[in-house]
Structures are given as C-alpha cells and as structure tokens.
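Try each task before you read its solution.

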Amino acid sequence: MKSIKKPIVIVGAGFGGMTVASNLKRLNPSLPILVVDSEANFMFKPLMYEVLSEELPMWEAAPEFSDIFSNSGITFLRNCLTKINFDENILEFSDELKVGYEFLVLCTGSISNNLLVKGVEEHCYFFNNLNDLNKLKTFLLKIQKDNIKRNLFIIGAGPSGVEIACKIYDIHENKFNIYLVERSNEILSKNKIFNREEAEKALENRKINILLNTTVKEISEQKISISNDSGIQDLDHDLVVWTAGVKPNLPYIDEKIAQKDGRILVNENFQINNYVNSFAIGDISIIEGMEDLPLTAQVAMQEGNHLAKNLELLCLEKELLPFEFQDNGEMISLGIGEASISALGVTLSGKFAFEARRLIYASKMPAISKTLKSGASWLFQKKSFLNQFINKYPKEV
Ligand SMILES: Cc1cc2nc3c(=O)[nH]c(=O)nc-3n(C[C@H](O)[C@H](O)[C@H](O)COP(=O)(O)OP(=O)(O)OC[C@H]3O[C@@H](n4cnc5c(N)ncnc54)[C@H](O)[C@@H]3O)c2cc1C
C-alpha cells in the first residue's frame, strides 16, 4: 500500500466530485479526502425545474455541503480554486490559501456560454446554477400578480430550453407569449427520438412558438434581434432566458495543459497529460481517442465511480483500469407533473414517467445527514417505493 502523506483533493463537489468522494471513502475509509467547492450548496441540476415550479422545495434539490459532509469522515472546504502548480502539487485559492495534494481530482463543471452574442451577459437570465435559479424565480414571483401579457424568449431548444419553456407555461398559463428560438432545424437534436417526439407534443399542447433555423444577433434591454429565412427582425421582449450553450469552467488552467474544444484532454484513466497523479472528470474533460461523451450528470457519475476505483488501485500500487461508458438513456421533464423517459429499451411518458423520474433522482441524491433524510422530504418519503421502480426501470439515467 502506497503511503499517503498529503490529502486526496477533489475540487468541485458536483455530480463527479460527490461520486468520487463518497465511493472512495466507502472503498477505503482510512484515506484522507478533502473536498473543495466555491459554493455552500450542492446543486442537483436536473431538479432545478421542479424548484422553479415549486413542485420541490429548494433545500431538497440544493442541500448544504455542511449537512452532506457532517460525520462523513470527509473534510469539506468552501473555497475557490484559482491556480494549480502541477509540478509541486500545490493548489492556490482565492483567499491565497495554499494546499498540497497527493492526488488531485478536478471536476468544476460548466458555466453558461454567451457565444459572444452582444447583450447576452447584460440582458439575459441563465439557468445553470443556484444563483441563476434564484434570479429567475424572483423575477417570476415579482410578476405573478399582474395581468400583463409578456413576451418570453428562450434561446436554445436543447433539454434546458424545452424544460424551462414547459414549466414556465404551466406556472404562468396565459401570462407569456413563449418563443423557443433554435439555431438548428430541430429541437433536442442530440436527444433520443422518443423524448424529442414527446417534447414536440408537450410544446404544441402549450402553444409554445418554436422558431427553428433562427439565430440571435443581439439583445438589448427591450429588443431581441433574430435572423432567419424571413430576414432580420427586431422584436420586443420582457424576458430572455439564455440556454444556448455551456463551456467548461476552467479559469485556473493555463495553456501548458493539453485541451480540446476548451476541455482538459485526459487519457482513458482520466489522467491529465504528463501529470499522472492529477485527474479531470465530468463536463471539464474530454477523453483522448474516445467518442465525445455528452455533458451530463450520468457521464460525470459513471466517471466519478470509475475514478474512485482507480484511485483505490493506485493506493494499492496496482494497475489502473480504462473507463468504458454505458449509455443508460435519458429523462426530461415536460411541464408540471409530466416527463418523458427513454432508457435501456423502456419508454415512458406523462405522469407515470414524472413519478419514475423523481424516484430515480431520489436514489441519486448524495448520501445526506439523517436529519434531512427523516425530515419532511418529498424525495426521501418516497424512497420506500423506490426499490419497486429501480427493479423495473433503469438506475443511471
Ligand atoms: C438545468 C440543468 C439541468 C440538467 N439536467 C440534466 C439531466 O436531466 N440529466 C443529466 O444527466 N444531466 C443534466 N444536466 C447536466 C449535468 O448537471 C452536468 O453535466 C453535471 O452537473 C456535470 O457534473 P460535474 O461534476 O462535471 O459538474 P457540476 O455538477 O456542475 O459541479 C461542479 C462543481 O464545481 C464547483 N466549482 C466550480 N468552479 C470551482 C472552483 N474554481 N473552485 C471550487 N469549486 C468550483 C461548482 O460550485 C460545482 O459545485 C443538467 C444541467 C443543468 C444546468
């Protein structure tokens, strides 16, 4: 067994980081693990839509790290990584703290990408983290009581755009003319056909306007400029939600580290080129020689699970095993109380899919303190039904 003098440091306690930390602790409880995150709360991103629609209270989808890690044997530090000295194994944080590491795991996720479109940063709402969720929720609450019909533009018809459009329609029926703007010629272009068809029906039932083959040129305080076959149009808007893309969150990485499409290039063991004790997983990394994997929680968790096993092998001075991805399918929410699932040959839609989706997600929540688990939690009250579902339906979607 290798002697570990400094901690194994995991930076970013999202889906990838939480999975590495909890699995590694379970495999080898004696290892010193330090988890660092710049935020105070874990954000279960696939449930942000349910928090927006108040189907789920905030604390269930965004539990505090202090609760998650209490009595876990894992040390948690709230701090923001700003620089890495890979040669000397030292991390630097925003308050000038320096921390040494034996092994380093980076998994700092994605941030919204404005695609350099003028006015996006200043005039759009985003939907990528707890802060974005709170801002959008505050705006929707503010206008809840008035009777003005507003123009809402949602940019990007990927899962986030489609899910937000359906939820906002259901929360505020008849309050918005909703326009879903998409640059390509179809919605959910990277998703399963079944989910795409269910989403098309859900959008049609809600009379949401879909503008395909349409590019956003510029956004100002009151106008949005779009371009399509009909030419350039300047339209009035009251709210623009930008879900057109994300980019890796890597302000602490310099050009010495090999990258592809802005993501850290790693080998099939997630090792960063030339630095065999440093790893990157989840949205920030891309595996050399492998087909690009989607930016999903499913991928980040499978990678985290595999990396935990490899770190244990490294500590035992054994050979590492290469990662293989298993596509377990996908789920999307489609308005209040509705969802669509396409996974491992099973397709489900409507209310039953909605229940199944929430129950599957309940099983994915990080192991949190007994107080939270036994409290008035919807997710954990329903856990007694969970086994019935996960015996029948897929686990890692
Ligand atoms: C609204 C929404 C819905 C989604 N729905 C689904 C879904 O249904 N299914 C699915 O599979 N995927 C879904 N995704 C995608 C999924 O959430 C991401 O792919 C996944 O979270 C990536 O995991 P990660 O560990 O790479 O990063 P994240 O889970 O984003 O975690 C990154 C962590 O790093 C921390 N961090 C960032 N920078 C620093 C720093 N410098 N120092 C310290 N800490 C830092 C952040 O605070 C964060 O906690 C959704 C994403 C969004 C935004």
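**Exercise 1. A bridge and its sheet**

Task: Find the bridge partner of Ser333 in E23, then describe the sheet around this pair.

Solution. Please keep in mind that this is a predicted model.

- Step 1: Ser333 has Ala339 as its bridge partner in E23.
- Step 2: Moving out to the strands, E22 and E23 (residues 339–343) run antiparallel and are paired over four bridges.
- Step 3: The open sheet here has three strands in the order E22-E23-E24, with antiparallel pairing.
- Step 4: E22 (330–333) and E24 (346–349) are the edge strands, each pairing on one side only.
- Step 5: From one strand to the next, the twist averages 5°.
- Step 6: Helix H10 (residues 350–364) packs on this sheet and touches E22, E23 and E24. The direction of H10 makes about 70° with that of E23.

**Exercise 2. Another open sheet**

Solution. 

- Step 1: The strand order is E4-E5-E6, an open sheet of three strands with antiparallel pairing.
- Step 2: E4 is joined to E5 (residues 90–93) by four bridges, and the two run antiparallel. Within this pairing, Ile84 has Leu91 as its bridge partner in E5.

**Exercise 3. Into the cores**

Task: Which residues have the most contacts inside the largest nonpolar core?

Solution. 

- Step 1: The largest nonpolar core has 107 residues, and Ile84, Phe86, Leu106, Ile264 and Leu311 have the most contacts inside it.
- Step 2: The element that gives the most to this core is helix H9 (residues 297–315), with nine residues.
- Step 3: Take Phe86 and set aside its neighbours within four places in sequence. Phe86 is then in contact with Tyr101, Leu104, Leu106, Ile253, Ile257, Ile272, Tyr275 and Ser278.
- Step 4: A second, separate core has 13 residues, among them Phe153, Val216, Ile226 and Val240.
- Step 5: Two of those names meet again in a strand pairing: Ile226 in E13 is the bridge partner of Val216. Strands E12 (residues 215–219) and E13 (residues 223–228) pair in the antiparallel sense over four bridges, and a hairpin of three residues joins them.

**Exercise 4. The whole chain**

Task: Why does the radius of gyration of the protein agree with that of a compact globule?

Solution. 

- Step 1: For 397 residues, a compact globule would have a radius of gyration near 21 Å; the protein has 22 Å, so the two agree.
- Step 2: The C-alpha trace spans about 65 × 50 × 40 Å along its principal axes.
- Step 3: Of the 397 residues, 53% count as buried.
- Step 4: Among contacts with a separation of 6 or more, 66% come from residues 24 or more positions apart.
- Step 5: The protein's secondary structure comprises 13 helices and 24 strands.

**Exercise 5. Where to read with care**

Task: Over which residues does pLDDT stay under 50?

Solution. 

- Step 1: Begin with the overall picture: the mean pLDDT is 90, and 91% of the residues reach 70 or more.
- Step 2: pLDDT stays under 50 over residues 368–376, where the model has 15 contacts beyond four places in sequence.
- Step 3: pLDDT also stays under 50 over residues 380–397, where the model has 39 such contacts.
- Step 4: Where pLDDT is low, the predicted coordinates should not be read in detail.

Notes: Residues are numbered from 1 along each chain as its sequence is written. This is a predicted model: local features need pLDDT of at least 70, side-chain atom pairs count only at pLDDT 80 or more; totals for chains, interfaces and linings use all residues. Side-chain values use heavy atoms; hydrogens and water are left out. Two strands pair if DSSP finds at least two bridges between them. A nonpolar core is a set of buried Ala, Val, Leu, Ile, Met, Phe, Trp, Tyr and Cys residues joined through side-chain atoms within 4.5 Å. Buried means under 20% relative accessible area, exposed over 50%, partly exposed in between (1.4 Å probe, protein chains only). Contact means heavy atoms within 4.5 Å. pLDDT is the predictor's confidence in each residue, from 0 to 100. Axes are lines fitted to C-alpha atoms, for helices over the stretch in contact, and angles run from 0 to 180 degrees between N-to-C directions. The radius of gyration is taken over C-alpha atoms; the globule rule is 2.2 Å times the number of residues to the power 0.38.
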